[in-house]
Amino acid sequence: MNLQSAGQLADVITSAVTILTLVYLALQIRANTASQRVDSARASQAQTGTYVGILAQCKENSRVFRVGLDDISALDADEQYQFFFLFGLIAAGAAHTYKEHKLKMIDEDDFQRQIRTPVEWLKTPGGRIFWQINSASFANDFAQLIEKRLAA
């Protein structure tokens with residue numbers, strides 16, 4: 001084998017190793033992406049669990065939220081703040097879930113399931129007041145999604 005043949009053989013081996021490396025990296029990226037999607041879905045479910053826990057563990061939080069949804073004027077000033085903070089936590093969780101969905105980290109079914117209840121609560125009298133006061137503090141695309149759902 002002469003030097004030119006050896007050089008050509010080295011080029012072929014280098015090309016094959018490069019292709020195998022790229023295939024390996026593509027498989028690793030795919031596996032990492034799948035893992036990140038699972039983690040994102042878990043994080044969104046954990047957020048839902050957080051606000052459900054806050055409402056379920058404390059009778060007073062439950063009462064304030066329930067009354068606030070129906071008639072925020074039935075709450076005193078401190079309870080109204082409490083209602084807005086509770087609703088803010090829920091709306092922020094929904095906004096985060098929407099962002100993860102846009103990044104394709106949460107699939108459509110999980111997204112629809114996780115946003116359904118917050119949107120229904122936004123349709124209540126207290127939810128609409130919360131949204132009127134606070135909608136500008138959310139990203140425009142999320143606010144537009146909520147507006148569309150509220151109009152439906």
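Student: Why is Thr124 called buried?

Tutor: Its relative accessible area is 16%, and buried means under 20%, exposed over 50% and partly exposed in between, with a 1.4 Å probe and protein chains only. Since 16% is under that 20% limit, Thr124 counts as buried. Before we go on: this is a predicted model, where local features need pLDDT of at least 70 and side-chain atom pairs count only at pLDDT 80 or more, while totals for chains, interfaces and linings use all residues. Residues are numbered from 1 along each chain as its sequence is written, and side-chain values use heavy atoms, leaving out hydrogens and water.

Student: Where does Thr124 lie?

Tutor: Thr124 sits in the loop between H4 and H5. Its C-alpha is 9.9 Å from that of Leu150, although the two are 26 residues apart in sequence.

Student: How many helices and strands does the chain have?

Tutor: There are 6 helices and 0 strands. Both are DSSP runs numbered from the N terminus: helices are H or I with at least four residues, and strands are E with at least two. Of the chain's 152 residues, 32% count as buried.

Student: Which residues have the most contacts inside the largest nonpolar core?

Tutor: They are Phe65, Phe83, Phe130, Trp131 and Phe142, in a core of 29 residues. A nonpolar core is a set of buried Ala, Val, Leu, Ile, Met, Phe, Trp, Tyr and Cys residues joined through side-chain atoms within 4.5 Å. Helices H2 (59-70), H3 (77-102), H4 (108-122), H5 (125-134) and H6 (140-151) each give two or more residues to this core. H3 gives the most, with 9 residues. Leaving aside residues up to four places away in sequence, Phe65 touches Leu55, Phe83, Leu86, Phe87, Ile90 and Trp121. Contact here means heavy atoms within 4.5 Å.

Student: How do you know that the buried residues of H5 line one face of the helix?

Tutor: The buried residues in H5 are Gly126, Gly127, Phe130 and Trp131. Looking down the axis of H5, they fall within an arc of 135°, so they line one face. The arc is that of the directions from the helix axis to the C-beta atoms. Exposed Gln132 and Ile133 are on the face turned away from the buried side of H5. The cover over the buried residues of H5 includes H2, H3, H4 and H6.

Student: Why are H2 and H3 called roughly perpendicular?

Tutor: H2 and H3 pack at an angle of about 90°, and their axes are 9 Å apart. Angles under 35 degrees count as roughly parallel, over 145 as roughly antiparallel, 65 to 115 as roughly perpendicular and the rest as oblique. An angle of about 90° falls in the 65 to 115 range, so H2 and H3 are roughly perpendicular. Axes are lines fitted to C-alpha atoms, for helices over the stretch in contact, and angles run from 0 to 180 degrees between N-to-C directions. Among the residues meeting there are Phe65 in H2 and Phe83 in H3.
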